[in-house]
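Trainee: Before we open the model, could you take me through how such features are read, giving the general idea and then the case at hand?

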Amino acid sequence: MKLPKADVLVAYQPETAWIAREYLNLNVPLLLMLHGNPLHLFGPETFDLFEEAVASSDVIQVLMPEYIEEVLDRMPGANVIHIPNVAPYYNSKGDLRNKVIITTARVDDDKRPALLVESFALIKDRFPDWKCVWYGERLKPSLDKRLEGLVEQYGLQDRVLFKGKTENVEEKLQEASIFAFPSAYEGFSLALAEAFAMGLPAVGCTDCPSVNSLIRDGENGALADPTPESYANALAKLMEDQGLREKCGAQARMDMKQYSADAVWEAWDRLLRSQILS
């Protein structure tokens, strides 16, 4: 197969970089995108096969500034730059008077839905008018069964709802006033960016990469240790104080301006031009 002539190749994963360098012997500038947390990508032993090709990339792009050092620790001398994902822009914003906590994410163990259920159970009597609504694909029947058991155990059948997928995230975010995001790890969460763009304060965990830097405790949301007690306390601070929700939500919305489509695509344009013209 004859490949078209290219000025630059953008690889979307380490495997693609390996194919380009080791199999196709392409010598054009290679830009590798690392979509997740580098430490998570480097973890599997299979990465050893691709490491030399990855390290030979002309540029390695990461989603968060803190990921640059993680790559350099593994690959000293690599050319690593930070270009984030695009955050959406919404004309509308959430109604922070609504007593609704929302999560938009697939229902999976790494998203720690059980932590949210257990946390909400600790404060359900203090906030009897509040409810949690989780929108996202349900992939594991065993996890669904475990979560249903927790909801029943704590008497939350009408207050913690796993709704499945939605085709209108913007509309659902408008109906909420707090975004709960207890994930264990993320690269650059578009779900969190969407919530921030809607003006919702978010509650995340201190041990979750990118979430623990996108969320600034007390400024645009709250950070908690990944325990029911700590997470419940963080939720409660926002639940009991509409003024705090409005302050944090306004800051969250403002924070997303730096991730606008214009800003991100301009950074990509500069990078591509620098490689083509070099």
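Predicted model: local features only at pLDDT ≥ 70, side-chain atom pairs only at ≥ 80, totals over all residues.

Trainee: Let us begin with burial, then; which residues of helix α3 are buried?

Mentor: The general idea is a cut-off, since a residue is called buried when its relative accessible area is under 20%. In helix α3, which spans residues 47-55, the buried residues are F47, F50, E51, A53 and V54.

Trainee: And what covers the buried residues of α3?

Mentor: The cover includes the helices α1 (14-23), α2 (38-42) and α4 (66-74), together with the strands β2 (30-33) and β3 (59-62).

Trainee: How many aromatic pairs does the structure hold, and how should I read the geometry of one of them?

Mentor: There are five aromatic pairs in the structure. The angle between the ring planes gives the class, and planes over 60 degrees apart count as edge-to-face. W18 and F50 form such an edge-to-face pair, with 6.1 Å from centre to centre and 70 degrees between the planes.

Trainee: Which parts of the structure does the pair of W18 and F50 tie together?

Mentor: Because W18 lies in helix α1 and F50 in helix α3, the pair ties together parts that are 32 residues apart in sequence.

Trainee: Why is the pair of W134 and F162 called tilted?

Mentor: Planes under 30 degrees apart would count as stacked and those over 60 as edge-to-face, with the rest called tilted. The ring planes of W134 and F162 stand at 35 degrees, with the centres 5.7 Å apart, and the pair is therefore tilted. This pair also links distant parts of the chain, for W134 belongs to strand β6 (residues 131-135) and F162 to strand β7 (residues 160-164), 28 residues apart. Both W134 and F162 are buried.

Trainee: Turning to the surface, which residues form a nonpolar patch there?

Mentor: I19, Y23 and L24 form a nonpolar patch on the surface, and together they have about 310 Å² of accessible area. Of these, L24 sits in the loop between α1 and β2 and is partly exposed, with a relative accessible area of 36%.

Trainee: Where do N25 and S210 lie, and is each of them buried or exposed?

Mentor: N25 is in the loop between α1 and β2, and at 52% relative accessibility N25 counts as exposed. S210 lies in the loop between β9 (202-205) and α9 (211-214), and at 1% relative accessibility S210 counts as buried.

Trainee: Finally, which residues does Q61 touch, leaving aside residues up to four places away in sequence?

Mentor: Q61, which lies in strand β3, touches L32, M33, L34, I81, I83 and W268 when residues up to four places away in sequence are not counted. At 4% relative accessibility, Q61 counts as buried.

Definitions and conventions. Residues numbered from 1 in each chain as written. Heavy atoms only, no water. Buried < 20%, exposed > 50% of the residue type's maximum accessible area, 1.4 Å probe, protein only. Helix = DSSP H or I, 4+ residues; strand = E, 2+ residues; numbered from the N terminus. Contact = heavy atoms within 4.5 Å. Patch = residues over 30% accessible without salt bridge, like charges linked within 9 Å, V, L, I, M, F, W, Y side chains within 5 Å. Areas by Shrake-Rupley, 256 points an atom, 1.4 Å probe, with all protein chains shown as cover. Salt bridge = Lys/Arg side-chain N within 4 Å of Asp/Glu carboxyl O. Phe/Tyr/Trp six-rings, centres within 6.5 Å; stacked < 30°, edge-to-face > 60°.
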